[in-house]
Amino acid sequence: MKKNKYYLHALLFGIMVLNIISCDNLDLYTEPGETLVGTITDKNTGDLIETDQPNGIRIKLEEISWSETPEPLYFWVKPDGTFQNTKVFKGRYVVTPVDGPFFPITGDTVQIQGKTEVNFKVEPFLKVKIDNTVQNGGNMDVYFKISRDTPAYKITDAKIFISTTKFVGNNSFLSNMSGQILSPSINFNGSPAVPDETVLANTHKLSVIGLKGGNRTYYLRVGARTNDNIQKRYNYSEIIKIVVP
Amino acid sequence: MKNKITYFLMVMMSSVLFSCNDLDVAPYNIIQDKDVFGSTGGVTAYMSALYQRLPIEDFRYSAQNGFNNHDIRRALFKNTGEAIQNGSPGITNPATGYWGDAYTCIRYINYLIKVLPENSAGLSSGEIESYLGEACFLRAYVYFALVKRYGGVPIIKEVQSFPEQSLEELQVPRNTESEVYDFIAEDLDVAISKLPDKSIQRGRANKYVAAALKSRAMLFAGSIAKYGQMNASCPAVGIPAGSANKYLKSSYDAAKLLEGVYSLYRKNSDKYQNYVDLFFDATSSENIFVKEYHFPETGHCYDAMFIPHQWVGPQGYGSQCCPTLDYVELFDGLPRNASGHILTKDATNTCIYYNDRMELFQNAEPRLRATVILPGDVFKNQVADIKRGTYVGSISAGIKYTDDLTTNPFLNNNLTARATNAVNNTYTFPAGSLHPGVKIVPCGLSGPFNGNGIGGTISGFGIRKYLDPNKPTDQVRLPNYSTQSWIDIRYAEVLLNRAEAAYELYQNGYTGEGIDYQQDAFVCINDIRDRAGAILLPSQSALNDIQIIRKERRKELAFENKLWWDMRRWRTAHSELNNRLMYVLFPYYVYENDKWVYQRRPDEKGNAARLTFNVNWYYEAIPAGEITKNPNLLPNNPGY
């Protein structure tokens with residue numbers, strides 16, 4: 001009986017040793033090393049689509065090397081409308097830009113190997129252009145126009161975003177305090193709503209009031225959005241820089 | 001020896017042979033379906049467990065911990081701007097993955113619906129009908145909890161069984177959001193037709209409870225149809241805009257069923273006391289669906305969590321959520337400045353003196369006093385001693401403050417520093433000041449002050465609604481010590497549902513059945529305002545904006561875990577709560593003239609307390625574990 005016990009111990013010890021040795025070789029798969037880069041541009045003007053990161057555009061990756069219905073992977077597009085992911089497994093993917101402020105498009109099927117580039121041309125819901133700005137110390141009037149090529153859903157609102165960093169957008173902006181109106185907005189969808197024709201025909205003015213001076217630098221952009229936009233993303237104007245003396 | 005064993009075996013074997021006939025009997029140690037579903041007592045016990053599992057967002061529900069948890073510090077109303085929370089500023093997204101518990105509950109209900117008719121020998125036909133109706137009500141309640149979180153979910157009407165059914169059959173894909181709402185309406189219609197007029201026991205459903213739930217659920221569907229969007233990449237969420245009127249009308253009709261059966265609580269002619277009592281009177285004509293508690297098994301800790309510091313029990317806590325000034329400013333009867341905010345200083349930034357703290361609120365709507373503990377008001381026969389500090393400087397030039405709070409002499413020079421801990425932190429006038437050597441207590445008993453684990457108010461207000469005014473202080477503790485009932489559905493909500501559905505129908509130009517929907521909404525809103533002591537709408541035409549109805553809802557149903565869902569179905573949460581900092585109101589005592597001044601300012605916790613609602617929160621993500629079990633649930637909701 002006692003002898004058996006020794007055998008048992010020896011056996012257990014052997015299993016333990018085997019376990020320890022086998023640990024090293026468990027992960028046989030090489031790490032992902034392929035790179036996916038690309039841009040998302042306006043199909044009419046060729047300009048990059050300005051967005052936020054995160055909560056802007058996402059790239060959806062569906063690997064179809066193994067399965068017809070894979071679980072998708074996502075990553076964020078940069079605020080300037082370009083994207084890069086250096087940790088993708090080699091394989092065949094459907095790559096689709098989703099959630100952005102543009103008409104949905106179907107994805108491209110690509111073999112990702114080495115550095116693969118995919119460029120998407122989309123049609124933004126809206127285009128926002130700053131016409132003119134009038135600065136008076138810490139106050140600033142911003143004039144802008146909204147346009148679009150294809151009429152779709154109701155234009156809901158426009159908003160100025162101001163931040164002390166150049167990553168300004170709906171993720172990062174200074175909000176209004178009493179005595180200050182830093183990021184004002186217009187609601188086109190109140191009661192009564194402003195008709196889209198009027199919104200598109202007019203130049204809009206929003207006034208920023210109460211920026212602190214002392215040679216501070218601010219970044220400003222204007223965003224507008226429509227109702228067909230599930231994720232409520234803004235279409236942005238270019239970013240302008242303001243220095244308040 | 002051998003013989004003995006043989007005999008023994010023979011006897012054993014013979015007994016086995018005899019007993020063969022009776023082997024196929026139900027085991028006596030397991031309760032059988034016929035015992036449970038064949039008697040009133042059995043069904044009552046089964047129902048009791050279902051009610052206990054029902055996803056009621058009550059005193060035991062919070063954004064952080066979901067259902068049936070004592071820790072309700074992160075209550076749902078900290079997310080909406082109704083209140084701010086002491087320990088965790090900002091929004092706590094209540095996406096707790098309520099899914100498995102829901103389908104467990106649905107399975108038990110489906111089982112009852114299947115098995116009860118087969119085993120109901122001991123029940124009358126009236127009882128059978130009533131129980132089946134009740135089951136449909138409960139099932140609708142659970143599906144509503146699911147659909148408002150996830151949009152479309154799989155509708156399971158039958159008891160599933162494994163391994164009899166194949167895996168493919170059991171992995172049911174999602175129905176669309178409108179299909180789920182239609183199913184809820186169908187179940188509630190069955191419940192309305194089968195349930196009796198009066199509940200057979202307190203806390204159980206009757207015909208009108210089902211109708212009230214229908215008015216709530218259909219209003220959700222109507223709002224989502226009107227304000228939400230369809231999504232091509234996730235067909236399970238979204239309701240076609242064209243069906244908005246169908247749902248709104250259904251909500252309106254269901255609410256109308258309760259007319260004359262329930263009414264607003266008006267027992268006491270003093271509107272303030274009446275509004276306080278309405279949450280405690282078990283015989284209230286306003287109570288439709290109520291969840292009761294019992295110490296020590298199934299209580300809650302609402303009092304311990306939210307009572308102001310002055311009245312906290314032996315374990316501490318208190319003031320975990322504090323109403324914001326933004327919420328208080330919704331009410332009538334406050335003095336206001338040109339921009340509509342509460343009047344604290346004149347045009348030259350000089351503070352206005354008030355003789356006592358309540359002078360600012362002397363004309364406030366009674367409902368406000370009954371919902372919020374105001375500085376200087378009386379609770380449990382004591383003055384709520386809320387003050388941020390004492391102004392000890394000279395007042396010969398008046399007390400001034402501007403909005404630039406960091407460089408403000410009002411804060412930095414003349415005031416006693418923020419008390420660091422409890423209220424016995426005293427201040428002595430230094431040599432050379434106005435009263436050298438005089439010792440005072442600068443802060444109030446209920447704060448605000450900066451406590452270490454001790455909660456004073458952080459907004460200048462406390463929650464009054466539902467706080468038990470008669471609970472002895474040593475009983476204000478956790479767990480389970482509070483037992484006031486949760487009124488899950490009260491008639492005021494039904495009236496508000498009806499007014500909102502009616503006004504939306506009116507706005508959409510719907511004129512069915514010759515009803516004047518604007519007029520109907522007007523009557524409902526004025527009924528609520530009259531009971532609350534608010535200013536009445538002068539005429540039907542004055543009801544010209546949906547915001548009037550929404551504001552009434554915010555005022556009436558605050559701290560009842562409703563507004564979060566309302567802001568979701570109105571699709572306004574992402575614009576209302578975008579980098580938003582809530583405002584607070586602090587009273588200061590002026591030592592020189594024995595008067596009070598008020599300061600309106602943003603939440604002292606600053607940027608950390610900003611509220612931002614992410615757009616993808618309009619739907620909760622389907623839990624990853626459920627997708628692993630059932631890949632047919634894909635695609636997940638937008639943004640996940």
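Buried area is the accessible area, taken with a 1.4 Å probe, that two parts lose on being put together, summed over both. The legends below describe close-up views of a predicted model.

**View 1. The contact between chain B and chain A in the predicted model.** The area buried between chain B and chain A is about 1,700 Å², and carbon and sulfur atoms give 46% of that figure. On the chain B side, B:Gln229, B:Asn578 and B:Val615 lose the most area to chain A, and together these residues make up 28% of what that side buries. The contact draws 22 residues from chain B and 20 residues from chain A.

**View 2. Helices α8 and α9 of chain B packed against each other.** Helix α8 of chain B, which covers residues 207-227, and helix α9 of chain B, which covers residues 244-257, pack at an angle of about 155 degrees, and their axes lie 7 Å apart. Because angles over 145 degrees count as roughly antiparallel, α8(B) is roughly antiparallel to α9(B). The crossing of these helices, α8(B) and α9(B), is left-handed. From α8(B) the contact includes B:Tyr208, B:Ala211, B:Met218 and B:Leu219, while B:Tyr247, B:Leu248, B:Ala254 and B:Leu257 are among the residues that α9(B) contributes. Sorted by class, the contact of α8(B) with α9(B) has twelve nonpolar, four polar and two charged residues.

**View 3. Helices α5 and α8 of chain B.** The axes of α5(B) and α8(B) come within 11 Å and cross at roughly 20 degrees, which makes α5(B) roughly parallel to α8(B). On the α5(B) side the contact is formed by B:Phe137, B:Ala140, B:Tyr141, B:Phe144 and B:Lys148, which meet B:Val209, B:Ala210, B:Leu213, B:Arg216, B:Ala217 and B:Phe220 in α8(B). By class, this contact of α5(B) with α8(B) has nine nonpolar and two charged residues, with no polar residues.

**View 4. Helices α3 and α5 of chain B.** Helix α3 of chain B (residues 40-53) and helix α5 of chain B (residues 125-150) have axes that come within 12 Å and cross at roughly 10 degrees, so that α3(B) is roughly parallel to α5(B). The residues in contact are B:Thr40, B:Val43, B:Met47, B:Leu50 and B:Tyr51 of α3(B), together with B:Glu127, B:Tyr131, B:Glu134, B:Ala135 and B:Leu138 of α5(B). Seven nonpolar, one polar and two charged residues make up the contact of α3(B) with α5(B).

**View 5. An open sheet of three strands in chain A, ordered β4-β1-β7.** The pairing in this sheet is mixed. Strands β4 (82-88) and β7 (115-122) of chain A stand at the edges, and each has a single partner strand, so one side of each is left without a neighbour in the sheet. Neighbouring strands are turned by 15 degrees against each other on average, with direction ignored. Strand β1 of chain A (residues 34-42) runs antiparallel to β4(A) and is joined to β4(A) by five bridges; the bridge partner of A:Glu34 in β4(A) is A:Val88.

**View 6. An antiparallel open sheet in chain A, ordered β8-β9-β12.** Here β8 (127-136) and β12 (203-208) of chain A are the edge strands, each with a single partner strand, so one side of each is left without a neighbour in the sheet. The twist averages 25 degrees from one strand to the next. Strand β9 of chain A (residues 139-147) pairs with β12(A) in the antiparallel sense over six bridges, and A:Lys145 stands opposite A:Thr203 in β12(A).

View 7. Most residues other than glycine have a negative phi, and most peptide bonds are trans. A:Asp99, although not a glycine, has a positive phi of about 70 degrees and is placed in the loop between β5 (91-98) and β6 (108-112) of chain A. B:Glu513, also not a glycine, has a positive phi of about 60 degrees, and its place is in the loop between α15 (491-507) and α16 (517-532) of chain B.

Conventions: Residues are numbered from 1 along each chain as its sequence is written. Chains are lettered from A and ligands numbered from 1 in the order in which they are written. This is a predicted model: local features need pLDDT of at least 70, side-chain atom pairs count only at pLDDT 80 or more; totals for chains, interfaces and linings use all residues. Side-chain values use heavy atoms; hydrogens and water are left out. Axes are lines fitted to C-alpha atoms, for helices over the stretch in contact, and angles run from 0 to 180 degrees between N-to-C directions. Helices (H or I, at least four residues) and strands (E, at least two) are DSSP runs, numbered from the N terminus. Angles under 35 degrees count as roughly parallel, over 145 as roughly antiparallel, 65 to 115 as roughly perpendicular and the rest as oblique. A crossing is left-handed if the near helix is turned anticlockwise from the far one by less than a right angle, and right-handed if clockwise. Contact means heavy atoms within 4.5 Å. Ala, Val, Leu, Ile, Met, Phe, Trp, Tyr, Cys and Pro count as nonpolar, Asp, Glu, Lys and Arg as charged, and the others, Gly among them, as polar. Two strands pair if DSSP finds at least two bridges between them.
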